[in-house]
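Here are my notes for a first look. Keep the structure open beside you as you read.

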Amino acid sequence: MSALARGASARGVRFLRSAGTATPYVHQGRVAGVEVRGQRVPCDELIVAAGAWSGPIGEALGAPLPLRTTRRHMWVTGADPTARVHAPIVWDDVAGFYARPEATPEGSGTGWAFSATDLDDYSLARAAVDSAGAGDSADAGAWQMYAIDARERDLALEAARIHLPSAGPNLVRAWRGIRDLAPDDRPILGPDARVPGLVWCAGLCGHGMTISLAIGMATTDAIMGRRNVLLERCSAQRFEPAVQ
């Protein structure tokens, strides 16, 4: 991320970090810019790459997408004799289980980082998205979305006992995130015919960091009018008539 940011800055890209709520605005039927810190930043093309916040932005612009919001957890164990630094990443898509070796937080060795529960609770996750986007006035209860309760811990321990070599992992750290998914689990990339100037880079299903370079290139191709096979497979127009 830092290397990409340095390269972009060297080529004239300007970053506005910790800008708070950024609100797109439309003029004469097309996206004209974004309001940031009380000022309007004009643009010819606006790329919405806001993760779980992409859906609400699209709705505000009159371009809703059939995205759903889910909660996903990560768990980290303490040092475990079954974990090896160079052990492979394991991803069982049928069981919904992911695991990789992870250095322990206290630096005492290697444990496991794993994900075992994806709570598809749209209403709760979306409420957290909406509240977290409301600035300083957001309801503190929204952040309960990121906390872990006892039931979820028990489910994670049971999944770990089944799928990890360790018979009884010692959980030392956990966190929860929210993500957006399209109905077919493919990204949504490229221009939206309903609102000129609106370009999507959303619905990444939690894989954003893994596929960031490829989708960044595809989104650039969309703006520059270049052909890209990802744009053809991941266009927002594939959800017709929902995006008409």
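What follows is a set of numbered points, from the overall picture down to single residues.

1. **Ground rules.** This is a predicted model, so please keep the cut-offs in mind: local features need pLDDT of at least 70, side-chain atom pairs count only at pLDDT 80 or more, and totals for chains, interfaces and linings use all residues. Residues are numbered from 1 along each chain as its sequence is written, and side-chain values use heavy atoms, with hydrogens and water left out.

2. **The overall picture.** The protein has 6 helices and 12 strands; helices (H or I, at least four residues) and strands (E, at least two) are DSSP runs, numbered from the N terminus. Of its 244 residues, 39% are buried. Here buried means under 20% relative accessible area, exposed means over 50%, and partly exposed is in between (1.4 Å probe, protein chains only). Take the contacts between residues at least 6 apart in sequence: 64% of them join residues at least 24 apart. A contact means heavy atoms within 4.5 Å.

3. Look for an open sheet of 3 strands in the order 1-2-3, with antiparallel pairing. Its edges are strand 1 (23-27) and strand 3 (39-42), each pairing on one side only. From one strand to the next, the twist averages 40°; the axes behind such angles are lines fitted to C-alpha atoms (for helices over the stretch in contact), and angles run from 0 to 180 degrees between N-to-C directions.

4. **Strands 2 and 3 in detail.** Strand 2 (residues 30-36) runs antiparallel to strand 3, with 4 bridges between them; two strands count as paired if DSSP finds at least two bridges. Glutamate 35 has arginine 40 as its bridge partner in strand 3, and valine 34 is opposite valine 41 in that strand. The hairpin of strands 2 and 3 has 2 residues between the strands, and arginine 37 in this hairpin takes a positive phi near 55°.

5. **Charges over rings.** Arginine 40 turns up again here: its charged end sits over the ring of tyrosine 25, 4.0 Å from the centre. Another case is arginine 17, which lies over the face of phenylalanine 15 at 4.9 Å from the ring centre. To count, NZ of Lys or CZ of Arg must be within 6 Å of the ring centre and within 35 degrees of the ring normal.

6. **Aromatic pairs.** How many aromatic pairs does the structure hold? There are 2. In one, tryptophan 91 and tyrosine 98 have ring centres 5.3 Å apart and planes at 80°, so this pair is edge-to-face. Tyrosine 98 is buried, at 14% relative accessibility. Phenylalanine 97 and phenylalanine 114 make a stacked pair, 5.7 Å centre to centre with 25° between the planes. This pair joins distant parts of the chain, 17 residues apart: phenylalanine 97 is in strand 7 (residues 97-103) and phenylalanine 114 in strand 8 (residues 110-115). Both phenylalanines are buried. The rule is that rings of Phe, Tyr and Trp (its six-membered ring) pair if their centres lie within 6.5 Å, with planes under 30 degrees apart called stacked, over 60 edge-to-face and the rest tilted.

7. **Cysteines.** The whole structure has 0 disulfides, a disulfide being a pair of cysteine sulfur atoms within 2.5 Å. For cysteine 201, the closest cysteine sulfur is in cysteine 234, 9.9 Å away and too far for a bond. Cysteine 201 is buried, at 10% relative accessible area, whereas cysteine 43 is partly exposed at 22%.

8. Serine 54 lies in helix 2 (residues 54-60) and is buried at 0% relative accessibility. Beyond residues up to four places away in sequence, serine 54 touches several others, including Leu67, Asp180 and Trp200. Aspartate 185 is in the loop between strand 10 (171-181) and strand 11 (188-191), and is partly exposed at 46%. Leaving aside neighbours within four places, aspartate 185 contacts Arg68 and Cys205.
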